[in-house]
Amino acid sequence: MCYGFSNDRALAAARAHHGPGRRSMLRGAVGGVLGAAALGAASATGAQAAPGRGWGRALVPPGRIGLQLYTMRDDLNGDIGFDATLEAVADIGYPRVEQASGYFGRTAAELRGFYRRIGVSCTSSHDGISADEAALDTKLTNARTLGQSYVNVPYLQSELLDDWKMWAEQMNHEAAAARRLGLRYGYHNHAHEFTVDLGGGVTPWDVFMAELDPDLVHLEIDLYWVVTGGIESGDGVDDPEQFAIDVIRAAPHRTLQYHVKDRNPETGDMADLGTGMIDFPRIFKAHSVREYIVENDTPDVTPIQSAEVGFRYLRGLTC
């Protein structure tokens, strides 16, 4: 999930409308680009459902592991506080964080100084579409000051086709402005993009894949939500990981970042990494990214435990 939005609301949106079968479309798009041989290789790569631990090289480079700070919101806003929470995150070993929940009384420059002091880089953020050009300038200027590489739109929800087209146009404009400042601009998915029928079988994902400029906008694929979208739509029930891989490979846009959070096989709720059903090594072997961002909107025990479990899980994956 992402700062400021309800997990229950996002999941309800996914379940409210089951669009038409999409697996054949996704496979067809992949086949057109990669061919049947590539699909067969992908299936072979993903045949192993084991956790992926062994004696080989690290599957996830340690320097690419990050933490979405929405995971830590209860500690950030509670008795522990921002400074102590981030110091604990640094002690776990995280080299990166994805900004959320505000700057906690600091300016962007002051916050960057704090991150430098504890040895953590703020490389990404979740920020909604800006209300006007002044807000856009502030958002992008702060991102540059913090030293970010990425700015991502975290959540959009509507059942109107025109809204998604309008948002795509706005995001292309913002992405062009971000590019001029050396920033990459992306979109973070939930499940409803794959399940809501906007009319005639067209989904929000269809609109964005057609309307977002692939030269300007990248994807930050949330693996819990894309798996949930596949299951809820009926297209990923038998093989949710392959559904996720097909989504990534069929997109004209580059997937540069993952949100890595697990799924409880019985309830469908989020779970700490390595305790749920998602075969992450299979997906990672099919497509590597520049950032693997740990997240759990609903930590199993405490936020810091979810953060530590997630970091250790990703560090333990080998190939």
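Me: What should I keep in mind about the numbering and the model?
Reply: Residues count from 1 along each chain as its sequence is written. The model is predicted, so to speak: local features need pLDDT of at least 70, side-chain atom pairs count only at pLDDT 80 or more, totals for chains, interfaces and linings use all residues, and side-chain values use heavy atoms, with hydrogens and water left out.

Me: At what angle do the axes of α4 and α5 cross?
Reply: Axes are lines fitted to C-alpha atoms, for helices over the stretch in contact, with angles from 0 to 180 degrees between N-to-C directions. Here helix α4 (residues 82-92) and helix α5 (residues 108-118) cross at roughly 40 degrees, their axes coming within 10 Å. That makes α4 oblique to α5; angles under 35 degrees are roughly parallel, over 145 roughly antiparallel, 65 to 115 roughly perpendicular, and the rest oblique.

Me: Which residues of α4 and α5 meet?
Reply: Contact means heavy atoms within 4.5 Å. Phe82, Asp83, Leu86, Glu87 and Ala90 in α4 meet Leu111, Phe114, Tyr115, Arg117 and Ile118 in α5.

Me: Are the residues of strand β10 buried or exposed?
Reply: In a regular strand, side chains alternate between the two faces of the sheet. In β10 (residues 291-294), Glu291 and Ile293 on one side and Tyr292 and Val294 on the other are all buried (under 20% relative accessible area, with a 1.4 Å probe and protein chains only).

Me: Which residue stands opposite Ile293 in β10?
Reply: Strands pair if DSSP finds at least two bridges between them. His259 stands opposite Ile293, and 4 bridges join the parallel strands β7 (residues 255-260) and β10.

Note on methods. Helices (H or I, at least four residues) and strands (E, at least two) are DSSP runs, numbered from the N terminus. Buried means under 20% relative accessible area, exposed over 50%, partly exposed in between (1.4 Å probe, protein chains only).
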